[in-house]
Amino acid sequence: MRALHQTADDEPKIFADPIAPRLVNTAPENDDWLQQFLAQRFAKTLRSGFLLRNRYAEDCLAEGVERGVQQYLILGAGLDTFAYRQPPWAVAIRIYEIDLPVSQSWKRDRLAAAGIPVPPNLRFVPINFEKISLAGALEAADFDLSSRTFCSWLGVTQYLTPAAIDGTLAFVLSLPRGSEIVFSFILPWQAAPAAEVEALRTAARKAAAVGEPWLSTFRPEDLKAHLRAMGFSNVIHLTPEEAQERYFQNRHDGLAARHGEQSIRAVV
């Protein structure tokens with residue numbers, strides 16, 4: 001979705017990512033599934049969600065670095081490209097991509113095939129969130145538990161159990177004050193706008209078909225209350241209305257803030 005945005009949507013880009021098109025093939029004639037997806041009436045809604053969650057997380061990261069963040073954890077990194085197009089202000093921080101071993105191996109093959117070098121401030125950390133703690137995975141990866149850290153967790157929580165989610169959030173709470181996490185979450189069908197329910201059901205069905213069923217959904221107010229009860233000092237929910245005003249004003253390409261998936265920011 002991020003790669004497609006670079007050519008299919010208007011300027012200014014919601015999320016400029018020159019690396020994504022080098023990792024994937026976005027030519028519809030070369031992919032039957034992509035061709036079918038682009039014909040769906042909710043295609044732009046889903047694409048907007050991908051763009052928004054990455055843009056918001058990286059905007060928050062930039063603010064965090066200004067306040068002294070020294071490490072960036074990308075939880076469930078997938079094909080995240082931040083490390084390979086990092087701005088000058090990021091060179092001084094340590095970046096950790098955390099994901100399933102098989103996903104990391106596939107990504108590294110894609111990077112090598114595209115001739116994209118791995119920057120010296122990046123570490124790959126293999127993990128299965130259901131089987132090993134985040135602290136355990138980071139122990140051997142030159143991670144400093146005493147350094148202020150920013151975490152992003154995008155497009156992941158719906159695949160995990162509530163217990164696994166809370167385990168990761170508890171780890172974030174163990175980091176120094178001023179550390180934070182930005183993560184995305186899916187709303188229950190009953191809380192999503194009718195116009196987006198079909199898109200959510202389709203995405204959930206496709207995920208289940210490849211062995212990755214959705215396990216957790218959240219209502220924003222419930223999630224905010226839970227995060228505060230866990231001990232986070234500040235919880236900021238990026239509402240669809242705020243996202244629309246901040247990122248999608250005056251666009252003519254059909255991109256707009258998504259309601260069925262939203263983002264939240266929790267500060268230690």
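Predicted model: local features only at pLDDT ≥ 70, side-chain atom pairs only at ≥ 80, totals over all residues.
Residues are numbered from 1 along each chain as its sequence is written, and side-chain values use heavy atoms, leaving out hydrogens and water. Helices (H or I, at least four residues) and strands (E, at least two) are DSSP runs, numbered from the N terminus.

By class, the residues of this contact between helix 4 and helix 10 divide into four nonpolar, no polar and four charged. Here Ala, Val, Leu, Ile, Met, Phe, Trp, Tyr, Cys and Pro count as nonpolar, Asp, Glu, Lys and Arg as charged, and the others, Gly among them, as polar. How do the two helices lie? The axes of helix 4 and helix 10 (residues 240-247) come within 12 Å and cross at roughly 75 degrees. Such axes are lines fitted to C-alpha atoms, for helices over the stretch in contact, with angles running from 0 to 180 degrees between N-to-C directions. Helix 4 and helix 10 are therefore roughly perpendicular to each other, the word for angles of 65 to 115 degrees (under 35 is roughly parallel, over 145 roughly antiparallel, and the rest oblique).

On a 1 Å grid over the protein atoms alone, a cavity is a set of points where a 1.4 Å probe fits but cannot get out, and a pocket is an open set with protein on both sides within 12 Å along at least five of seven lines; lining residues have an atom within 4 Å of a point. Grid points are joined across faces, edges and corners, and a volume is the space filled by probe spheres set on the points.

The second largest pocket holds about 170 Å³ of space. Its lining consists of Ile14, Phe15, Ala16, Arg55, Glu58, Asp59, Ala62 and Arg85, which makes four nonpolar, no polar and four charged residues.

There are two cavities of 30 Å³ or more. The largest cavity, with about 40 Å³ of space, is lined by Gly49, Leu52, Arg53, Ser184, Glu261, Gln262 and Ser263. Helix 4 (43-66) and strand 7 (261-267) each give at least two residues to that lining, whose classes are one nonpolar, four polar and two charged. In the second largest cavity there is about 30 Å³ of space, lined by Ala77, Gly78, Glu97, Asp99, Ser103, Gln104 and Lys107. Helix 5 provides the largest share of this lining, three residues.

In one of them, the rings of Tyr72 and Phe150 have centres 5.7 Å apart and planes at 55 degrees, so the pair is tilted. Rings of Phe, Tyr and Trp (its six-membered ring) pair if their centres lie within 6.5 Å; planes under 30 degrees apart are stacked, over 60 edge-to-face and the rest tilted. This pair links distant parts of the chain, with Tyr72 in strand 1 (residues 71-75) and Phe150 in strand 4 (residues 149-153), 78 residues apart.

Finally, look at the backbone. Most residues other than glycine have a negative phi, and most peptide bonds are trans. The bond from Glu11 to Pro12, however, is cis, with omega near -10 degrees, and Pro12 sits in the loop between helix 1 (2-8) and helix 2 (20-23). Asp142 is not a glycine, yet has a positive phi of about 60 degrees; Asp142 lies in the loop between helix 6 (134-138) and strand 4.
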